[in-house]
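Welcome! Please take a look at the sequence and the structure below, and then we can walk through some of the packing together.

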Amino acid sequence: MKITVCPLCGAQSAKVLRTRLRYDIKCKVFECRRCHMVYLERLQATEKFYGGKTYRATYGPTLGKKSTSKQVFDTYRPFQKPIIDRLHSILRKNMSVLDVGCSTGHFLDALKGKVGTRVGLELSRDEVAFIRTHLDFPVYNTPIAEAHFTEGPFDLITCFQVLEHIEDPQSFLSALRKNLKAGGYLYIEVPNIDDALISLYDVKEYEDFYFREPHLSYFSRTTLGKMLKKAGFKGRIGTAQGYNLINHLHWLIAHKPQGDFAHGNGVPALVRGQKAKTPAGRALNAFIAKADRDYKKLLETQGLGESLTFLGKKTQLL
């Protein structure tokens, strides 16, 4: 299905930014001339693309390798603390949480003991089967617009790196809104098109890597804010940086990805093995760890973190 109008403002006038995506896939990337929303030429059939094995055969935590559900869970589960820290001020023991596009349930698993009811929604049949076999919360496997939750409406709905995959993001947000309690919170993370590697460092190879077939929409703070307002939400938009300083230096020097999610997102170290235990090793690793924290904070303060974040509530629709 071809996109003929901007998914944000409906305009039919756009300029072509690119004609190729990651893996040299031929596809136009447009920027709307009216609102500057960036989006792909064509859309995926979401349920078919993510429900089967197509997505994980190509896109996963380890580049060039197909990931099993267990590998996805084991990769992402250790990195949930920063997200929980960002939500710490609103989490309550008696609240109900729905995670839409929950993948293997790694975030909801990390929430165990911190909230009351945890519910997932995921289209991948393999990942749903993994959750039902290994984890301890219910998971639905229908699109959000068709789902009927016996546990809802919810105090908090989360949606991590999902909105950019959706064919009709406006309708998707409206469906989230319907399942949120009055006074409840929506928390969203999406890739930031103003990521420092693109908007500041101009790393062409990263740009070639950044635009990819599953990501249909590319948000800035402005376009995400407009879309959320149109869907009936208000709140705060910020940025978050997960990939570390070493990862960015690798892009700047080697002009290619590291290939391992854990290396790029873990605490960086200059000295490894037994020598890391020496006075010099400890001092150097403490130095790079602090530099990494300062670097991430600086990027986030400047709006250049890799992900946009939104925490907000429903507004009264006119």
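## Before we start

An axis here is a line fitted to C-alpha atoms, for a helix over the stretch in contact, and angles between axes run from 0 to 180 degrees between N-to-C directions. Please keep in mind that this is a predicted model.

Let's begin with helix 3 (residues 69-76) and helix 6 (residues 125-134), whose axes are 9 Å apart and which pack at an angle of about 70 degrees. Angles of 65 to 115 degrees count as roughly perpendicular, and helix 3 and helix 6 are therefore roughly perpendicular to each other. Their crossing is right-handed.

Which residues make the contact? Helix 3 brings Ser 69, Lys 70, Val 72 and Phe 73, while helix 6 brings Asp 126, Glu 127 and Phe 130.

## Aromatic pairs

The model has 16 aromatic pairs. One of them joins Phe 73 and Phe 130 in a tilted arrangement, with 5.4 Å centre to centre and 45 degrees between the planes. This pair links distant parts of the chain, as Phe 73 of helix 3 and Phe 130 of helix 6 are 57 residues apart. Phe 73 and Phe 130 are both buried.

Another tilted pair is formed by Phe 209 and Trp 251, at 5.5 Å centre to centre and 55 degrees between the planes. Here, too, distant parts of the chain are linked: Phe 209 sits in helix 9 (residues 204-210) and Trp 251 in helix 11 (residues 245-254), 42 residues apart. Phe 209 and Trp 251 are buried.

## An aromatic cluster

Phe 209 and Trp 251 also belong to a cluster linked by ring pairs, together with Tyr 206, Tyr 210, Phe 211 and Tyr 218.

Key: Residues are numbered from 1 along each chain as its sequence is written. This is a predicted model: local features need pLDDT of at least 70, side-chain atom pairs count only at pLDDT 80 or more; totals for chains, interfaces and linings use all residues. Side-chain values use heavy atoms; hydrogens and water are left out. Helices (H or I, at least four residues) and strands (E, at least two) are DSSP runs, numbered from the N terminus. Angles under 35 degrees count as roughly parallel, over 145 as roughly antiparallel, 65 to 115 as roughly perpendicular and the rest as oblique. A crossing is left-handed if the near helix is turned anticlockwise from the far one by less than a right angle, and right-handed if clockwise. Contact means heavy atoms within 4.5 Å. Rings of Phe, Tyr and Trp (its six-membered ring) pair if their centres lie within 6.5 Å; planes under 30 degrees apart count as stacked, over 60 as edge-to-face and the rest as tilted. Buried means under 20% relative accessible area, exposed over 50%, partly exposed in between (1.4 Å probe, protein chains only).
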